[in-house]
Amino acid sequence: MNRAKTIFVIAILLICGLGIYSFNQKANNKITVEVSKGMDVELVRIQYGFYSGNNTNDKPLVEKGLKQIVFESGKSTGFETICGENDFLITYGNEYYIKVRHFIPNNFTDGLPEPHEYQFKLKKTSEGIELLLDVKGQDGMIITEKMARIADAESNQQGEPRNKE
């Protein structure tokens with residue numbers, strides 16, 4: 001009977017160990033951030049989470065932010081994406097912001113997506129700042145968007161003026 005208990009405990013420990021290893025493998029998303037000449041990467045802050053966008057303006061988004069800081073002061077932290085909607089709030093200093101979404105479809109086999117590499121590039125233009133997000137991985141995508149002014153967040157919805165037609 002003692003031998004059976006020992007085998008059972010070892011089996012449970014192996015299963016738990018494999019689960020932890022698998023989880024850690026999935027959480028290895030990487031972030032790189034580049035800024036154009038004359039900009040400071042230390043002013044870039046990236047938060048990760050989910051934002052429904054049901055608010056009438058972006059003021060709550062820029063004031064409260066998202067759940068997890070994944071890039072700040074020139075340093076990135078690991079984070080895990082999920083199947084479905086993965087939102088990023090990118091700010092540059094206290095001047096510009098943008099919320100982008102990386103949608104990952106569920107493959108119904110393991111429930112967790114493979115790691116991705118998120119390459120954020122901020123470029124100063126004559127009209128402000130433009131973001132190029134290049135997501136590398138199984139569910140890769142490229143997004144190019146103009147960042148909005150934080151001062152205009154109360155007049156914006158999803159980074160665009162509310163009265164835009």
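1. Strands here are DSSP runs of E with at least two residues, numbered from the N terminus, and threonine 32 has its place in one of these, strand E1 (residues 30-35). The model is predicted, so that local features need pLDDT of at least 70 and side-chain atom pairs count only at pLDDT 80 or more, while totals for chains, interfaces and linings use all residues. Residues are numbered from 1 along each chain as its sequence is written, and side-chain values use heavy atoms, with hydrogens and water left out.

2. Threonine 32 counts as partly exposed because its relative accessibility is 33%, where buried means under 20%, exposed over 50% and partly exposed in between (1.4 Å probe, protein chains only). Setting aside residues up to four places away in sequence, threonine 32 touches Glu117, Tyr118, Gln119 and Phe120, a contact meaning heavy atoms within 4.5 Å.

3. An open sheet of six strands runs in the order E4-E3-E2-E5-E6-E10 with antiparallel pairing, and two strands pair if DSSP finds at least two bridges between them. Strand E4 (75-76) and strand E10 (148-149) are the edge strands, each pairing on one side only. E4 pairs with strand E3 (residues 68-72) over two bridges in the antiparallel sense, and phenylalanine 71 stands opposite serine 76 in E4.

Note on methods: Helices (H or I, at least four residues) and strands (E, at least two) are DSSP runs, numbered from the N terminus.
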